[in-house]
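Trainee: Please show me a structure and let me ask what lies behind the terms used for it.

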Amino acid sequence: MSKGRYGKHGGQYIPETLMNEIHALEDAYEHYKNDPEFVAELDKLNREYAGRPSLLYYAEKMTKKLGGAKIYFKREDLNHTGSHKINNVLGQVLLAKKMGKTRVIAETGAGQHGVATATAAALLNMECEIYMGKEDTIRQALNVYRMELLGATVHPVETGTATLKDAVNACMQEWTARVDDTLYVLGSVMGPHPFPMIVRDFQSVISKEARAQILELEGRLPDVVMACVGGGSNAMGSFYEFINDKEVRLIGCEAAGHGVDTDKTAATMAVGTEGVFHGMKSYFCQDEYGQIAPVYSISAGLDYPGVGPEHAYLKDIGRAEYVPVTDEEAVQAFEYIAREEGIIAAIESSHAVAHLLKIAPEMDKDQIIICTLSGRGDKDVAAIARYRGIDLHE
Amino acid sequence: MSRIKNAFDKKKAFIGFLTAGDPTLDKTEEFVLEMERAGAALVELGIPFSDPIADGPVIQEANVRSLSAGCTTDKIFDMVASLRQKTEIPLVFLSYLNTLYKYGYDRFCKRCQESGIDGVIIPDLPFEEREELAPIASQYGIDVITMVAPTSKERIKNMVKDASGFIYVVSSMGVTGARSEITTDVGEIIDTIRSATDTPAAVGFGINTKQQAATYSAIADGVIVGSAIVKIIAQYGEDAAPKLYEYISEMVSGLAE
């Protein structure tokens, strides 16, 4: 069995053409993660360019209104480029540069990872090509233009369901065609080893900070840490440093779309089964013959038929719980947090907020929730307006 | 002697690929027999998958046609069982791993044996992961075909030393599909393989002309043609059999002695 296992999940299920490159990436990462110069460079980028550490914000108004647990938001939406994705891409693009690559490729769903990758590529002088489902280029047209402004080429992917999974397929195909000068900058804690580990490590800055911040502010650990889960990178980053703190409940919020009892859903943990896809063993939405199911969510960033292997493992061992949240619940939460806290959160993050709205009132006043706001919601405003039947011209 | 060995027994092998169920499973059966009549020594049957990450547009579209027509793994096994009544041509599946995983490795391999499949080619099962499948497959006499890529280099010897059936030499980077020029030094790869094993090696990915068939059959034990065949099926649909015969006969006539 190969490396990169999380229980039975994970592994390296990719074409032979990529194996030497994947090993080279593993070796490079193992070397540079302990290289003081690399660590210092990345730390400087995180602080001076991305704006880290991100705030841990006490949402006093919501706390009082809901009348239960104290609510803190980990504000990844305030990072440069407006989401947690920058944490990972700065690390990976810097790593690509150290490996002597001159070109990066990346998939994107909502466009946040694409924008972040294009940003890091612009800063670090790399050629950049982004693959995005045709469907998503329509839902997130502004982000397409944003990436182009940053100097990236955006390829609309028209195969399959023309969404995130197809963009990942296209990236893997492109990487297979051209590995010498190119690194695939994967956007989530998924794909073949070492990607789930690399992305988790770069994203774990979220929980490293949050843990120190809450100890500073409250003198104790939180009772709940929660985040939205598509592939699962912001959730993995939010959970990681708390995994050994057994008293901290970890909750991942998946996109249920129209509901887990409909076929318009992307809630992999709720409806998925074990499988092997996109280089990893994990849970996937699929039929009895293993055909990957078309998934649906109002959120282009959670519209993915699988989940990272470490999440699958955390579910198996009962360390984390995963709950489905519908489109309607997420949109209501999107509107609620805007009204109550003056924060326009990404529709992805609003899935976590929606579940928070359910559990916070049930908890005691001396309990604490940390909910990660993975991104800001400016990109979603037009889509939410459409959802509410308002015709906006961007 | 296994059926796959027969394919390479006396002469260079022409290996043809088609996607099962494109346009229908009845037609797949007919096409395979026609390919054999035209001189194909082995046929690869693609099990359609929703997300064929190693395939180019031509085979991707064949997957869509087959799945839209309702093709499933179970129906393919039934077709193979019927086909096996009519021919002894070696048959191997080309399938992504999830199809086998979801079906259950043991159950899948058992049905391969019962229906008359001789081997499986799994593009997303690299050497590092093959142990989860190979011992089960071997119990049922199914060869898990080893794929060697242009980037394999120092990995080759270790990968091929216990290879069974044949070795699939991927001639080009990227996905399946016709190429006008193949830039990989296939000869060097074949030499490395031959220094480590007697298992025959066939070259695929990009081969579509008689000239390429001649060139690569001269250095390898066989050539594999997929997208060019699938393209004929895409164009002529249910009436593709005579066109397949014509194309494959021509390709076979180009094989080295």
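Predicted model: local features only at pLDDT ≥ 70, side-chain atom pairs only at ≥ 80, totals over all residues.

Trainee: What is the order of the strands in the open sheet of chain A?

Mentor: The four strands run in the order E7-E6-E5-E8, and their pairing is parallel.

Trainee: Why do E7 and E8 of chain A stand at the edges?

Mentor: Strand E7 (153-157) and strand E8 (182-184) each have a single partner strand, so one side of each lacks a neighbour in the sheet. From one strand to the next, the twist averages 20 degrees.

Trainee: How do you know that E5 and E6 of chain A pair?

Mentor: Two strands pair if there are at least two bridges between them. E5 (residues 103-108) and E6 (residues 127-133) of chain A have six bridges, in the parallel sense, so they pair. In one of these bridges Ala106(A) has Ile130(A) as its partner, and Ile105(A) is bridged to Glu129(A).

Trainee: Which helices pack on these strands?

Mentor: Helix H5 (residues 112-123) of chain A touches E5 and E6 of chain A, and its direction makes about 165 degrees with that of E5(A). Helix H8 (residues 164-177) of chain A lies across E5, E6, E7 and E8 of chain A, at about 160 degrees to E5(A).

Trainee: What makes E6(A) mostly covered?

Mentor: Six of the seven residues of E6(A) are buried.

Trainee: How do you know that the length of helix H2 of chain A agrees with what it should span?

Mentor: H2 (residues 36-50) has 15 residues, which at 1.5 Å a residue should span 21 Å; the end C-alpha atoms are 20 Å apart, and this agrees.

Trainee: What puts the buried residues of H2(A) on the same side?

Mentor: The buried residues are Leu42(A), Leu45(A), Asn46(A) and Ala50(A). They cover an arc of only 95 degrees around the axis, so they are on the same side of H2(A). These residues pack against helix H4 (85-98) and helix H10 (205-218) of chain A. Exposed residues on the other side of H2(A) include Glu37(A), Asp43(A), Lys44(A) and Arg47(A).

Trainee: What follows H2(A)?

Mentor: Gly51(A) follows, with a positive phi near 90 degrees.

Trainee: Why is helix H9 of chain A called largely enclosed?

Mentor: Eight of the nine residues of H9 (residues 195-203) are buried, so the rest of the structure largely encloses this helix. Among the buried ones are Phe195(A), Met197(A), Arg200(A) and Phe202(A).

Trainee: Why does Ser350(A) count as buried?

Mentor: The cut-off for buried is 20 or more other C-beta atoms within 10 Å. Ser350(A) has 33 C-beta neighbours inside 10 Å, so it is buried. Ser350(A) lies in helix H15 (residues 347-359) of chain A. Leaving out residues up to four places away in sequence, Ser350(A) touches Ala330(A), Ala333(A), Phe334(A) and Ala345(A).

Trainee: How many residues of chain B are in contact with chain A?

Mentor: In chain B there are 32 residues in contact with 30 residues of chain A. Helix H5 (97-103) of chain B gives the largest share of this side of chain B, five residues.

Trainee: What classes make up the side of chain B that touches chain A?

Mentor: That side has 15 nonpolar, nine polar and eight charged residues.

Definitions and conventions. Residues numbered from 1 in each chain as written. Chains lettered and ligands numbered in written order. Helix = DSSP H or I, 4+ residues; strand = E, 2+ residues; numbered from the N terminus. Axes fitted to C-alpha atoms, helices over the stretch in contact; angles between N-to-C directions. Contact = placed C-beta atoms within 7 Å. Expected span 1.5 Å × (residues − 1). Buried ≥ 20, exposed ≤ 12 C-beta atoms within 10 Å, placed from the backbone. Arc of directions from axis to C-beta. Nonpolar A, V, L, I, M, F, W, Y, C, P; charged D, E, K, R; others polar.
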